[in-house]
Amino acid sequence: MAIKALIFDLDGVLVDTAKYHYLAWKRLADELGFFFSQEDNERLKGVSRVRSLEILLEVGGIQFEDDVKTKLADKKNGWYVDYIMKMTPDEILPGVIPLLEETRKKGLKTAIGSASKNAKTILEKIDILKYFDVIIDGNKVSKAKPDPEVFLLAASEIGVKPNECIVFEDAEAGVDAALNGKMLVVGIGSEKNLGHANIVVPGFQNVSIDSFLKLAE
Ligand code: G6P
Ligand code: MG
């Protein structure tokens, strides 16, 4: 099957926003009176905002009613948005722009498949909206990764079949989501937690699209 489209997760694949999520979640934990480590933050990658808050509260050993949880998640998001509003194109991860340029030259379709409700703001701030035909973010889906909804919706909006897509993901739940959608998936990061992807690369530096397209042969 020939590959017709590439679907990119945003956070951790095109840009490193985990550091801003961490600062905002840590500020919330500080206010609630417990320590939230960078290691704890690893558990939040690829996970929805609500689920992230639940994990954070688990770490702190605290429980709240749903209305309080909504307020806490909103508070964290306000701080997070303050950080991302200051983002610039300098923060695009190495190798991303050459890869997106090559994608365009080859006539492949492109989509963003992200759990974040802030995806559009980030894409605008780092000025890469023009590289994407379709954007599916946390505002458009109801089921979180590892459910394949986000990637299946991206494929259907582009007008291609799942097996004509390659997904790029840095989170374990995201790799699972792509596989659950019967898509090929490139893990961005380490074999340690992404070993179930079809191939794992540390990042986009010194890689060519052809090496990914070969996965479909
Ligand atoms: C991405 C990130 C997660 C984040 C989620 C929701 O998947 O990897 O860490 O929790 O998006 O982001 P949001 O911007 O909507 O709070
Ligand atoms: Mg990610």
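How far does a backbone N or O atom of Leu44 lie from an oxygen atom of ligand 1?

This is a predicted model, in which local features need pLDDT of at least 70, side-chain atom pairs count only at pLDDT 80 or more, and totals for chains, interfaces and linings use all residues. Residues are numbered from 1 along each chain as its sequence is written, chains are lettered from A and ligands numbered from 1 in the order written, and side-chain values use heavy atoms, without hydrogens and water.

View 1. The Leu44 backbone atom lies 3.0 Å from a ligand oxygen. In the side chain of Arg49, an N or O atom is 2.8 Å from an oxygen of ligand 1. For Ser52, a polar side-chain atom lies 3.4 Å from a ligand oxygen. Alone, ligand 1 exposes 390 Å², and the protein buries 95% of that (Shrake-Rupley method, 1.4 Å probe).

**View 2. The open sheet of six strands.** Strands are DSSP runs of E, at least two residues; two strands pair if DSSP finds at least two bridges between them. The order is E3-E2-E1-E4-E5-E6, with parallel pairing. Strands E3 (134–136) and E6 (199–201) stand at the edges with a single partner strand each, so one side of each has no neighbour in the sheet.

**View 3. Strands E4 and E5.** Four bridges join E4 (residues 165–169) to E5 (residues 184–188). The two strands run parallel. Glu169 has Gly187 in E5 as its bridge partner.

Notes. Polar contact = N/O pair within 3.5 Å; in protein donor to acceptor, adjacent residues only side chain to side chain.
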